[in-house]
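Subject: Structure handover

Hello,

Here is the structure I said I would pass on. Please look through it first, then read the notes below.

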Amino acid sequence: MQQPIDPAVSALSSNDLVLTVNQIIGVYASCVIFDHAKKVTEVHIVASTERKPKQIVRDVVTMLFVKHNIKIDYRTISMVQIPDEQLLHIPVARPEIREVV
């Protein structure tokens, strides 16, 4: 159901969209997955329990449309909500070395 409006959308990276989603109140982390045609097929979110899931999903849909002209179906978004106190027990991902020059 995603229909890019602007040709500049194809130049976006996953990081651009992740930075946008992570600006939403209550979102701790996110991951955006594209298909081969650079269409968003999945959005995964880790969020706090302070806001209702429906509101966070609506915010994601709105932010991607307003900032990047990308329309996504709300059903492409998966989310887990974790209370703030449990976040302290989640290990932090280690950096990955991708290339040595």
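Which residue in S3 is the bridge partner of Val-43? The partner is Ile-77.

This is a predicted model, in which local features need pLDDT of at least 70 and side-chain atom pairs count only at pLDDT 80 or more, while totals for chains, interfaces and linings use all residues. Residues are numbered from 1 along each chain as its sequence is written, and side-chain values use heavy atoms, without hydrogens and water.

The sheet. Three strands form an open sheet in the order S1-S2-S3, with mixed pairing. Strands (E, at least two residues) and helices (H or I, at least four) are DSSP runs, numbered from the N terminus. Two strands pair if DSSP finds at least two bridges between them. S1 (27-34) and S3 (77-81) each have a single partner strand, so one side of each has no neighbour in the sheet. S2 (residues 40-47) and S3 run parallel and are joined by 5 bridges.

The helices. Helix H1 (residues 14-21) lies across S1 and S2, at about 150 degrees to S1. Helix H2 (residues 53-68) lies across S1, S2 and S3, at about 135 degrees to S3. Axes are lines fitted to C-alpha atoms, for helices over the stretch in contact (heavy atoms within 4.5 Å), and angles run from 0 to 180 degrees between N-to-C directions.

One residue. Thr-20 lies in helix H1. Leaving aside neighbours within four places in sequence, Thr-20 contacts Met-63, Leu-64, Lys-67 and His-68.

Regards
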